[in-house]
Amino acid sequence: MTMTRLSLKQIHDLSYDALRQCGASELQAGVVAQELMDAEAEGIRNVGLGYIHLYLNHLRCGKVDGNAIPEIVKESAAATIVNAHHGFCHTAYMHAEERLIVTTREQGIGMLAINHSYSAGVLGWFVRRLAQRGLMSLMFANSSKAVAAHGGKVPFFGTNPFAFGSPRENAEPLVIDMATASTARVNIVKAASEGEPIELGHAIDANGNPTTDAAAALKGAQLPVGGPKGFGLGLIVDLMGGALTGGNCSYETPLFSNNEDGPPNVGQSIIAFNPDFYSSDYLAHMESMFSAMTEDNDVRIPGERRHNLRAKHEAEGVDVPQALLDKIAALCKP
């Protein structure tokens, strides 16, 4: 496979130019290009440049509004609601990030709800930003149906990720970012395109039978991680991201994977906490816990791998398949 090495700045500029050529405004393209660059920096290709084709196609067909201007539509001392107007989630978040930080510091807790929104990409991107500003946070983001409810036979929930972030003492943030499906959908799509099998337990076919055939899985449904526990987590995410924000729940959402049926109209919610409001030694206590957890154990603190890859890619650049770059270039042609 032919690879081309790009600096992070080149990845940012490539993403920005592609988004602009496919109809995104400077406002929308600028934030999304930053998130795509950060995904590549942290080694998360499946929602980095490997995901941009969906953004570009959806800009072309109107599934995401490249000219949307996010708007704060309701606020209280601790809560903010942003209407993304069917633009990118990242741009809507940035529109209210400072208010979320200020209200959280003042009140001890703050919440940001985004409605009429679109795919959130890497949830760790959001909680990491807040952790860098000294705040803990939880984020929930629902997506289009792909995962069967526990005991069900058809897609009902999205892969419905959630994330947690926290500042650390003299270290990069703690970031826990996970889907509530047993594996990311893009992994099954990749396996199907390459004719490779998937592990048993990730999916069922159209008849509800367990399968290792990735193509059959795409015609059936994915399974929640941990059976009924993952089902419960996926339900929580759907309520927090969809129903609570006033957006669609997963089963009501047009699929992210095609160009049909208009904007997905999903939602995201972020609950942030000011640790100083609750404890005078939170950071020190957490580091003591991590020391005890890792002593004489091969335990990796969540977020460390992302940080190490970011440092590596900042210094050395990122290898990108030329075929992927060619695909992006083709999508940008008038």
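Me: Leaving aside neighbours within four places in sequence, which residues is Asn 83 in contact with?
Reply: This is a predicted model, and in it Asn 83 lies in strand β3, residues 79-83. Its relative accessibility is 13%, so Asn 83 counts as buried. Setting aside neighbours within four places in sequence, the residues that Asn 83 contacts are Pro 70, Glu 71, Val 73, Asn 115 and His 116.

Me: And which residue has its backbone nitrogen 2.7 Å from a polar atom of the Asn 83 side chain?
Reply: We already have Asn 83 in strand β3. A polar atom of the Asn 83 side chain lies 2.7 Å from a backbone nitrogen, and that nitrogen belongs to His 85.

Me: Let's move to Ser 117. Is Ser 117 buried or exposed?
Reply: Ser 117 is found in strand β4, which covers residues 109-117. Not counting residues up to four places away in sequence, Ser 117 touches Ala 84, Gly 87, Cys 89, Pro 264, Asn 265, Val 266, Gly 267 and Gln 268. The relative accessibility of Ser 117 is 1%, and buried means under 20%, so Ser 117 counts as buried.

Me: Which side chain does the side chain of Ser 117 make a polar contact with?
Reply: Among the residues Ser 117 touches are Val 266, Gly 267 and Gln 268. The polar contact is between side chains, at 2.7 Å, and the partner of Ser 117 is Gln 268.

Me: Now salt bridges. How many does the structure hold?
Reply: One of them joins Arg 128 to Glu 42, with the closest N and O atoms 3.6 Å apart. Another brings together the side chains of Glu 287 and Arg 168, at 2.9 Å from N to O. For the structure, the number of salt bridges is 17.

Me: How many residues apart in sequence are the parts tied together by Arg 128 and Glu 42?
Reply: The closest N and O atoms of Arg 128 and Glu 42 are 3.6 Å apart in their salt bridge. Arg 128 lies in helix α5 (residues 123-132) and Glu 42 in the loop between α2 (26-41) and α3 (52-61), so the pair ties together parts whose separation in sequence is 86 residues.

Me: Which arginine in helix α11 does Glu 42 link to?
Reply: Glu 42 is buried, with a relative accessible area of 6%. Glu 42 forms a salt bridge whose closest N and O atoms are 3.4 Å apart, and the partner is Arg 306. The pair links distant parts of the chain, 264 residues apart, with Glu 42 in the loop between α2 and α3, and in helix α11 (residues 304-316) Arg 306.

Me: Which residues are linked in a network of salt bridges?
Reply: Glu 42 has a salt bridge with Arg 128 and one with Arg 306. The linked residues are Asp 38, Glu 42, Arg 128, Glu 172, Asp 177, Arg 306 and Arg 310.

Me: What about the cavities: what is the volume of the largest cavity?
Reply: A search of the whole structure finds three cavities of 30 Å³ or more. The largest cavity is lined by Glu 42, Arg 128, Glu 172, Pro 173, Val 175, Gly 303, Arg 306, His 307 and Arg 310. Its volume is about 60 Å³.

Me: Which element gives the largest share of the lining of the largest cavity?
Reply: By class, that lining has two nonpolar, two polar and five charged residues. The largest share is three residues, and the element they come from is α11.

Me: Back to the loop between α2 and α3, where Gly 48 has its place. What is the C-alpha separation of Gly 48 and Ser 15?
Reply: Gly 48 is buried, with a relative accessible area of 0%. Leaving aside neighbours within four places in sequence, Gly 48 is in contact with Leu 36, Ala 39 and Glu 40. Gly 48 and Ser 15 are 33 residues apart along the chain, and their C-alpha atoms are separated by 9.4 Å.

Me: Last one, on backbone angles: what is the positive phi of Asp 296?
Reply: Most residues other than glycine have a negative phi. Asp 296 is found in the loop between α10 and α11, and at 75% relative accessibility Asp 296 counts as exposed. Although Asp 296 is not a glycine, its phi is positive, at about 60°.

Note on methods. Residues are numbered from 1 along each chain as its sequence is written. This is a predicted model: local features need pLDDT of at least 70, side-chain atom pairs count only at pLDDT 80 or more; totals for chains, interfaces and linings use all residues. Side-chain values use heavy atoms; hydrogens and water are left out. Helices (H or I, at least four residues) and strands (E, at least two) are DSSP runs, numbered from the N terminus. Buried means under 20% relative accessible area, exposed over 50%, partly exposed in between (1.4 Å probe, protein chains only). A polar contact is a pair of N or O atoms within 3.5 Å; within protein, one must be able to donate a hydrogen and the other to accept it, and residues adjacent in sequence count only if both atoms are side-chain atoms. Contact means heavy atoms within 4.5 Å. A salt bridge is a side-chain nitrogen of Lys or Arg within 4 Å of a carboxyl oxygen of Asp or Glu. On a 1 Å grid over the protein atoms alone, a cavity is a set of points where a 1.4 Å probe fits but cannot get out, and a pocket is an open set with protein on both sides within 12 Å along at least five of seven lines; lining residues have an atom within 4 Å of a point. Grid points are joined across faces, edges and corners, and a volume is the space filled by probe spheres set on the points. Ala, Val, Leu, Ile, Met, Phe, Trp, Tyr, Cys and Pro count as nonpolar, Asp, Glu, Lys and Arg as charged, and the others, Gly among them, as polar.
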